[in-house]
Amino acid sequence: MLLCDPDRLFPTEQKSRGLARALYESVADLPIISPHGHCDPRWFAENDRFPNPAELFVIPDHYVFRMLVSQGVSMADLGIPRVDVGSVHVDPREIWRRFADGYHLFRGTPSSMWLDHSFQFVFGVNEVLGPENADAIYDDIESKLSTPEYRPRALFDTFNIELLATTEGALDDLRWHRKIRDSDWNGPVVTTYRPDAVVDPDFEGFSDNVVRFGEITGEDTQSWAGYLNAHRKRRAYFKTFGATASDHGHLTARTENLNEGDAEALFAKALTGTISAEEADAFRGQMLTEMARMSLEDGLTLQIHAGSRRNHSAQIFTQFGRDKGFDIPGPTDYVASLRPMLDAVGMEQNLTIILFTLDETVYSRELAPLAGAYPALKLGPPWWFFDSYEGIKRFREATTETCGFYNTVGFNDDTRAFCSIPARHDVSRRSDSAYLATLVATGRLREAEAFEVAQDLAYGLAKSAYNL
Amino acid sequence: MLLCDPDRLFPTEQKSRGLARALYESVADLPIISPHGHCDPRWFAENDRFPNPAELFVIPDHYVFRMLVSQGVSMADLGIPRVDVGSVHVDPREIWRRFADGYHLFRGTPSSMWLDHSFQFVFGVNEVLGPENADAIYDDIESKLSTPEYRPRALFDTFNIELLATTEGALDDLRWHRKIRDSDWNGPVVTTYRPDAVVDPDFEGFSDNVVRFGEITGEDTQSWAGYLNAHRKRRAYFKTFGATASDHGHLTARTENLNEGDAEALFAKALTGTISAEEADAFRGQMLTEMARMSLEDGLTLQIHAGSRRNHSAQIFTQFGRDKGFDIPGPTDYVASLRPMLDAVGMEQNLTIILFTLDETVYSRELAPLAGAYPALKLGPPWWFFDSYEGIKRFREATTETCGFYNTVGFNDDTRAFCSIPARHDVSRRSDSAYLATLVATGRLREAEAFEVAQDLAYGLAKSAYNL
Amino acid sequence: MLLCDPDRLFPTEQKSRGLARALYESVADLPIISPHGHCDPRWFAENDRFPNPAELFVIPDHYVFRMLVSQGVSMADLGIPRVDVGSVHVDPREIWRRFADGYHLFRGTPSSMWLDHSFQFVFGVNEVLGPENADAIYDDIESKLSTPEYRPRALFDTFNIELLATTEGALDDLRWHRKIRDSDWNGPVVTTYRPDAVVDPDFEGFSDNVVRFGEITGEDTQSWAGYLNAHRKRRAYFKTFGATASDHGHLTARTENLNEGDAEALFAKALTGTISAEEADAFRGQMLTEMARMSLEDGLTLQIHAGSRRNHSAQIFTQFGRDKGFDIPGPTDYVASLRPMLDAVGMEQNLTIILFTLDETVYSRELAPLAGAYPALKLGPPWWFFDSYEGIKRFREATTETCGFYNTVGFNDDTRAFCSIPARHDVSRRSDSAYLATLVATGRLREAEAFEVAQDLAYGLAKSAYNL
């Protein structure tokens, strides 16, 4: 059997379905542009084999293990490393069996689409994973992983990836990117500038981080001017490893547009640890505006990923650390929050600020009206929980009527699950094709226009938004 | 004519429709599990006939009379009893005529589906109610109500109800449940523990209620430890009448996880009436966590129904009292609110906390991410205004992709309109069948899986979530 | 070619499509009732020709120019007048070419539907506007504008408008309305009472406005009683020019129900400029309740348009002034905000208060439950960004199940883009027909009922809600 329906995600009415299929086929073989994500550059630098099926599909994928946990499987039994006490080794085959036992839990979720897509198209599996065939499928994947065709670089090529961006902190030495550059393989895998550790006064070791920031840039990061210069130098350094964007993950979308004296004073307090919670928030907001100003100088695209209440479970955070599926969104304001930054740079025509949200209520109420007016603003694709058929459908239906297609930026997979990259882009291309076909079928778009837009959504807009 | 289209609520595209019909037919005759609702146990204890059509369909149903009121009919003319001055008798036939005059107001609402379903399937009516046939239909229903087949117990059996839960306050003597138990009929009709009157310091007569609570449990409810023990005893007593759940209706979803001394101090203030509004809110929040801890001991499922701004119209509340259709939802936060309780018990695998909301914006943003991570949390079905085709559709579309089907708990009718129970379960089964058929038709679920899930949504999940 | 698909906006499934078409055809030729909008009465008073295509389609339409601006065209190059420095003349043909260059930006937006509809049905254009045909289409439209058939009054008749309401401030002398009345043409074009300049203490020149308000009404507007009387007189005066409604655009939906002394004290502070921001907000809220009370006296329908954060870009506001497409919605509470006014007048049966929102999250959570209970409340149609196929669909799906059709008021075009009026009503009639057909096809409404409701939505409800 085929795990994946060849007409999946297309409209059910036959004429619309036919058009959706044609639209999809016109973009299905385009190379993948992945301008934002969290793959580990080391994979491509060392090109070692992936250790086993559990470490490929379960342990790194918080979508997968948190679903199993929600139904009573323990994190430890899934091999998630403890950060508080020493981790106990768990047999990867046992993890895989637990995953197979709970595979029905993913019915109706994008995870099941991504997993089935990877199983079928990457590993040639042709049965639905379950308790009875867990071992056989494990053995099948395991044997393939030991072959050269399943090494990271080979898969990268198989996946038809034209560009993959990873994300590194400002203090990262980019050693893996250097190793890739120095190798005879030239991906391309590029980096992204993510300065949270030297921008957020609440980040663990902020002051020490800023000291280190000075050391590696040769700037006096104890002064406001030197600190900003350090950012400029570091951004330039990241650009030599292909960076075309910076990325910022804040609890809110707050920005500030303070005068230099006030900004400097906040920075001084941050360094000495005397900054209040409110001031720290203001400082983060000011730094978004500073980054936007630097983007005007150096051309990096600015990405704002706001609204995740990270580490909701204290127990999980203490035992297992960050990014373990217990990050829960909350309401996020963009209208008042972004105003200071937009007053400073919003009308600039040579600046791209991409907004992401986990609060879908802002699509039609805030983000589309903002992006449909300010030249500097664009909307990122549906993020995280909303990187799915329904999520993409809601995004298009809620934003297109106000800001059109050309204030959006194509697709991001934003993943650390490497094998899901083709699957995610496929879902995106199919979902957009379905949406476009429906517009045509209901007289809201002409067929020829739909083919042009499909090309832009799958490929062109990502290249232009990220200056690729 | 048939009032109800045999293919109602199924997708319009023929292939999806055929599959939806098949899915529906596979669950249509399953017994009804009604694990949460507000029927009057006295009906089944005494088994008297229902007085007349108006008292069956209009007076107890705030969905019905508030719609008529919204278009200019007065509450008094619909026979809604005044609580401030003596009620004047209104001829039930006159009430019925006013209802028939306004029957077009319900077009497109779930009320019209429920009413037409009851008219057709319970009373054999085959014309749309309106001014011209109001009397004839009144007479028809009235004559049937006088027959033994239309007594409460007979209807209960006709409706194929496997279990019906009512809801009683902590001080209720459960006399009607006792009478049912002592009768030769064994429904089963079970109770649910609803302790608002002894948990909410703002409830009318809170202190006196707590005194009475002590009397009926034999505990010293003036002490924190005795008060908690009284709850334990009362929960155990409710369990002897079949209770498998407690229920809590709060304005917000606030919870607290205070240390014992702080909780005790709040309780003391509540008893003496010296508690501030903020402290009263904290106390209610603490009691949710206490109830969750007791659930860990005694296995009762905990239901949280948050977010209704009750009694919005002061005039209606003064003249007609509670539950008169003037309860309006508002934004409800779950992420920060539930955190204290979840820190205490959220990772427990032997606890079921069911969350209900009247703020649909939290489905995808808060509730599905929470339920898709914490083992103790499950999502209740769409509640109140959202117990409808579109409401169920939005719920499934917004939650399934993040938390799947197995973090939801099947259907609740949550009604005091007895005749609407089969109609509501029918709408739920049809709406879920339509959703599942659409998933299959768009390659997001396999057909065999859809049949399994349909069974779970209609029957299995309710039994497991409520420990039935 | 035809720019507009004859079956646009109808469902794709053939049977539903056929029914939607039949429903649409039953209302397509009904006259247009436009009970709320912003056309310039001077057009109809003077009946001069429209100056050129750019001044007809681009310069007055903030939907159009802000989209071009969002993609890097400057406001100045689109001929938007500067308010800070003298405006430079821009060749209207150059503006038109810029518009044509960016016409693809409108793909998928309601603007493209409105523009194509106007191009095809008003001007007989049969090619999609673009860079290659920009000049030819400009010349075509320009030549038509010079003919008598394209004068404002002639178009008014061609558009089959039965009634058009404009909106004027309380201090407006209604000269254009007088000129229309005194002419041999009798539209009818009626006014609407919009008293923001004398009701909002933060309005530019508020105190002077109130003085002037006294002069034109002969009332002592320095006293609270005289000020209220001035409103009464001015409302009566507006009624002599056909007004059947007042309109109020506030940042929030806040209302107050203060006692006379408190209201009077706020008014005194407002006059002397000593009012705080919070008090000014309270005063605006109190004035909504005062207006509602006057509506009870004089029968004017009260319209509340809440929730727009006006003039979000300080730069655009400074350079180009108000209403330039940089007004961004935000979250808007109605439940707590409206309560004081509803306590005062909400249960009145001879009062119509129409609520509009830019925050779609309140449709199902707040507005439908309120309108489905309070006799005085009705829901206005989807406003501004949501006056579109998807916007109307979401509105119907989110509100109908709770408050039905008869607590809504038909369609408003709310536009200053005169040529878009037939297009907007057409979109509304088609979208409602599609919704009704879907209800019938899914067994939620009977076919005969759908035809009745279609008539009401397109025509009847607007007439009754606005007392026409």
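The model is a predicted one. Chain A can be laid on chain C by a turn of 120° with a shift of 0.0 Å along the axis, leaving an RMSD of 0.0 Å. That is how copies around a three-fold axis are related.

**Symmetry**

- If you look along chain A for the residue that comes closest to the rotation axis, you will find A:Glu13, with its C-alpha at 3.5 Å.
- Only 5% of the interface residues of chain A are also interface residues in chain C, so the copies meet through different surfaces.

**Where chain A touches chain C**

- This contact draws 39 residues from chain A and 40 residues from chain C.
- On the chain A side, the elements giving two or more residues are α1 (14-27), α16 (335-345), α17 (362-371), α18 (389-403), α19 (420-441) and α20 (447-465).
- The largest share of that side belongs to α17(A), which provides six residues.
- Sorted by class, the side of chain A that touches chain C holds 17 nonpolar, 12 polar and 10 charged residues.

**Where chain B touches chain A**

- Here 39 residues come from chain B and 40 residues from chain A.
- Helices of chain B that each supply at least two residues to the side touching chain A include α1 (14-27), α16 (335-345) and α20 (447-465).
- With six residues, α17(B) gives the most to this side of chain B.
- The class make-up of the side of chain B that touches chain A is 17 nonpolar, 12 polar and 10 charged residues.

**Helix α19 of chain B**

- Helix α19 of chain B covers residues 420-441, and at 1.5 Å a residue its 22 residues should span 32 Å; the end C-alpha atoms lie 31 Å apart, which agrees.
- In α19(B), 22 of the 22 residues are buried, so the helix is largely enclosed by the rest of the structure.
- After α19(B) comes B:Gly443, a residue with a positive phi, near 70°.

- Chain B has an open sheet of three strands in the order β1-β2-β4, paired in parallel.
- At its edges stand β1 (32-34) and β4 (189-190) of chain B; each has a single partner strand, so one side of each is left without a neighbour in the sheet.
- Strand β2 of chain B, residues 161-165, runs parallel to β4(B) and is joined to it by two bridges.
- One pair to look for there is B:Leu164 with its bridge partner in β4(B), B:Val189.
- In chain C, three strands likewise form an open sheet with parallel pairing, in the order β1-β2-β4.
- Its edge strands are β1 (32-34) and β4 (189-190) of chain C, and because each has a single partner strand, one side of each is left without a neighbour in the sheet.
- Two bridges link β2 (residues 161-165) of chain C with β4(C), and these strands run parallel.
- In β4(C), C:Val190 is the bridge partner of C:Ala165.

**Strands β6 and β7 of chain C**

- Strand β6 of chain C spans residues 245-250, and five of its six residues are buried, so the strand is largely enclosed by the rest of the structure.
- Six bridges connect β6(C) with β7 (residues 301-306) of chain C, and the two run parallel.
- For C:Ala245, the bridge partner in β7(C) is C:Thr301.

Methods. Residues numbered from 1 in each chain as written. Chains lettered and ligands numbered in written order. Predicted model: local features only at pLDDT ≥ 70, side-chain atom pairs only at ≥ 80, totals over all residues. Contact = placed C-beta atoms within 7 Å. Helix = DSSP H or I, 4+ residues; strand = E, 2+ residues; numbered from the N terminus. Nonpolar A, V, L, I, M, F, W, Y, C, P; charged D, E, K, R; others polar. Pairing = 2+ DSSP bridges. Least-squares fit on C-alpha atoms with pLDDT ≥ 70 in both. Expected span 1.5 Å × (residues − 1). Buried ≥ 20, exposed ≤ 12 C-beta atoms within 10 Å, placed from the backbone.
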